[in-house]
Amino acid sequence: MKEQLEILKKLTSLDGVSGDEGAVRDYIISLVRDHVDDYYVDNMGNLITYKKGSGSGLKVMLDAHMDEVGLMVTKINSDGLLKFQTIGGIESRVLVGKRVRVGEKGVPGVIGFKPIHLQSKNERSGAVDKKNLTIDIGAKDKEQAEGMVEIGDRVAFEYDPVEFGDNKLMAKALDDRVGCAVLIELLKHDYECDIYGCFTVQEEVGLKGAKTAAFQVNPDIAIVLEGTTCYDVPDTKEHSMSTICGKGPALTIMDRSVITDRELVTHIVKVAEKNGIPYQFKKTISGGTNAGRIQVSGTGVKVAVIAVPCRYIHTPVSVMDISDFENMLKLAKKVLESLPVSMTLYREQGGIENV
Amino acid sequence: MFDIIKKLAQTFGPSGNEKKVAEVITGLIKDKVDDVKTDALGNLICVKKGAGKKIMLAAHMDEIGLIVSHIDEKGFLRFSNVGGVHPWGIVGKRVVFENGTTGIVWYEEDKDDIKNLKFDKMYIDIMAKSAQEAEKVVKVGDMAVFAGDTILQNGRVISKALDDRIGCAVLVQMALNAPETDNEIYYVFTTQEEVGLRGARTAAYGIVPDMALAVDVCMTGDIPNCKPMAVRMGDGPTVKIKDGSVISHPHVKDRLMDAAEKNGIPYQLEVMQHGGTDAGSIHVTAGGIPSGGVSIPSRYVHNVAEAVDMNDVENAVKLLEAFVK
């Protein structure tokens with residue numbers, strides 16, 4: 001498991017804010033190219049890999065999104081400070097005082113804020129307005145800044161991965177590099193069904209990459225590998241905790257984007273119980289995943305979501321329990337090895353397979 | 001026909017769990033159609049073959065309900081909504097799970113402003129004395145629907161889940177009548193409409209019909225001090241002009257109005273500001289599909305008890321039969 005964890009750490013250290021996933025994709029290609037039969041990058045930037053199975057012909061799509069939430073430079077002020085907008089769901093409170101990397105060159109910057117000494121009483125107690133925040137890249141003026149960054153550059157949080165405490169990992173972008181790490185490992189093994197490993201783009205800005213990936217792959221089944229919300233900390237009532245860190249990978253029954261396939265989820269639960277792998281159900285119905293897009297692609301796809309609970313996602317740093325990562329890997333692998341199971345497939349009833 | 005309505009309305013089928021409804025419908029019409037298929041989303045697609053145009057008629061099988069998110073140590077169930085449910089509208093109401101387990105919906109009573117009630121301050125009491133006792137009959141992720149019988153009174157039906165079992169009943173009755181036509185008729189019973197018009201999207205993609213109608217309920221403007229809407233219960237099924245998800249294709253709308261006028265079937269024009277129907281996802285599927293809708297005017301939609309007029313229901317069957325000729 002050491003190797004897989006090191007890959008995950010490396011993945012989180014790369015920057016891939018939505019629409020700019022190239023660095024993450026290149027690293028993934030270097031790891032999987034020798035384990036798959038074919039791969040290509042589509043027009044949106046999705047990496048689609050194919051691994052022929054030993055028989056059944058069941059088409060299984062595995063999805064993990066490469067992109068992370070971040071910022072984009074929108075304007076360079078005359079004083080050399082950068083205005084920005086958020087990419088994906090980030091609220092301004094978590095931005096203040098954070099270190100960032102700007103653009104392909106990773107220009108270091110910091111989201112500065114007025115020190116407490118200089119704040120008025122109102123400024124101290126009120127919420128932070130995103131409009132008043134800028135990124136300081138240490139440039140003396142606009143001209144110098146223009147030589148370092150460009151408008152449209154993506155901005156990623158600067159946060160090295162750290163193993164700490166009781167088998168925990170803190171890192172940026174665990175949503176969804178943890179899914180990517182699981183998918184990379186899954187592609188190293190052989191299965192009976194045909195596997196389409198899809199590393200998708202632009203999930204955080206509206207589940208976009210998965211839409212075109214699913215259209216190309218046209219799978220029977222899809223399993224979405226994710227990092228999901230977790231807030232199992234004091235002052236949260238137990239019924240409001242979406243997942244609990246360390247209690248195993250979380251399965252989605254329903255969220256804002258999808259109601260997962262009952263047959264498939266029941267099968268995953270059976271596999272988990274048979275192999276003694278811990279699992280939990282995600283308790284809140286907030287948020288969405290690529291499963292929402294994949295399910296309604298073409299003539300429909302049977303979908304499930306398996307996710308590692310990650311505290312503080314969509315902030316500069318999140319925390320997961322390493323055992324959840326290990327168990328998600330075990331569970332996903334066992335599930336793939338258990339396929340095909342008897343399922344009602346539309347194409348087997350003479351439904352249109354490919355339009 | 002009331003018996004069909006009753007049977008369908010009383011069958012358990014919240015979004016994503018429509019299998020039992022599909023089984024009932026299959027049992028009723030399988031001998032009257034040429035082919036029956038189920039796709040990945042659980043849509044039931046029944047075809048009456050013909051050489052003419054492909055016409056898709058869609059009614060959704062799913063009903064609104066609740067989903068269990070947590071079971072506490074005392075055996076109370078916490079939940080979220082499945083589809084459009086108002087927190088204050090379900091206090092004190094009875095719910096039932098697929099296995100027959102019955103519960104009562106209530107709220108944390110120290111939250112006194114009921115208008116601002118949220119689901120996370122509410123729970124379902126299934127009379128379990130502990131988590132262990134509750135877990136014997138209900139799991140996290142299980143769904144419940146509202147309980148309520150189906151009755152006929154003054155020619156009008158009061159029931160749970162008329163949205164959209166009434167549309168399903170209309171299509172079932174039509175399939176049983178087997179109207180003569182050269183056109184190929186797709187009776188499509190869709191899934192997951194209440195959570196985002198999802199099933200109809202994949203069903204339409206697999207069929208790519210020449211035209212499509214959503215057969216659903218619409219709101220009315222005939223109850224005291226309600227929002228104005230020019231639709232009255234009992235004045236006939238509606239020809240949809242628009243709803244929140246679709247603007248009907250003019251050809252489809254005209255064909256419906258012609259069919260009604262030539263056959264002396266009463267109808268009303270429907271302009272629904274809010275709420276969507278399966279037509280919303282069908283019309284933008286594949287290269288675009290001319291779509292519209294026929295609705296049964298219904299009072300108290302998305303309430304625990306909804307109501308429709310039997311004359312409207314029967315005339316909807318007549319209107320659709322005339323439309324597909």
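Me: How many residues does helix H4 (residues 162–177) of chain B have, and what distance does it reach from its first C-alpha to its last?

Reply: Helices (H or I, at least four residues) and strands (E, at least two) are DSSP runs, numbered from the N terminus, and the expected span of a helix is 1.5 Å times one less than its number of residues. Helix H4 of chain B has 16 residues and reaches 21 Å from its first C-alpha to its last, which is close to the 22 Å expected. Just after H4(B), Ala178(B) takes a positive phi of about 45 degrees. This is a predicted model, in which local features need pLDDT of at least 70 and side-chain atom pairs count only at pLDDT 80 or more, while totals for chains, interfaces and linings use all residues. Residues are numbered from 1 along each chain as its sequence is written, and chains are lettered from A and ligands numbered from 1 in the order in which they are written.

Me: How many of the residues of H4(B) are buried?

Reply: A residue is buried if 20 or more other C-beta atoms lie within 10 Å of its own, exposed if 12 or fewer, and partly exposed in between, with the C-beta atoms placed from the backbone. In H4(B), 14 of the 16 residues are buried, so this helix is largely enclosed by the rest of the structure. Of the 325 residues of chain B, 54% count as buried.

Me: Which domains does the assignment of chain B give?

Reply: Domain bounds come from an automatic or database domain assignment, and for chain B they give domain 1 (2–63 + 160–324) and domain 2 (65–146). The C-alpha centres of these two domains of chain B lie 31 Å apart. Two residues are in contact if their C-beta atoms, placed from the backbone, lie within 7 Å, and here the contact takes 12 residues from domain 1 of chain B and 12 residues from domain 2 of chain B. Chain A is likewise divided, into domain 1 (2–68 + 172–349) and domain 2 (70–157), and 32 Å separate the C-alpha centres of those domains.

Me: How many residues does the contact take from chain A and from chain B?

Reply: That contact takes 24 residues from chain A and 27 residues from chain B. To sort such residues by class, Ala, Val, Leu, Ile, Met, Phe, Trp, Tyr, Cys and Pro count as nonpolar, Asp, Glu, Lys and Arg as charged, and the others, Gly among them, as polar. The side of chain A that touches chain B has 10 nonpolar, 10 polar and four charged residues.

Me: Why is strand E16 (residues 302–311) of chain A said to be largely enclosed, and which residue is the bridge partner of Val224(A) in E16(A)?

Reply: In E16(A), 10 of the 10 residues are buried, so the strand is largely enclosed by the rest of the structure. Strand E13 (residues 221–230) of chain A runs parallel to E16(A) and is joined to it by 10 bridges, and the bridge partner of Val224(A) is Val305(A). Val224(A) counts as buried because it has 30 C-beta neighbours inside 10 Å. Strand E14 (residues 250–251) of chain A runs antiparallel to E16(A), with two bridges, and there Leu251(A) stands opposite Ile306(A).

Conventions. Two strands pair if DSSP finds at least two bridges between them.
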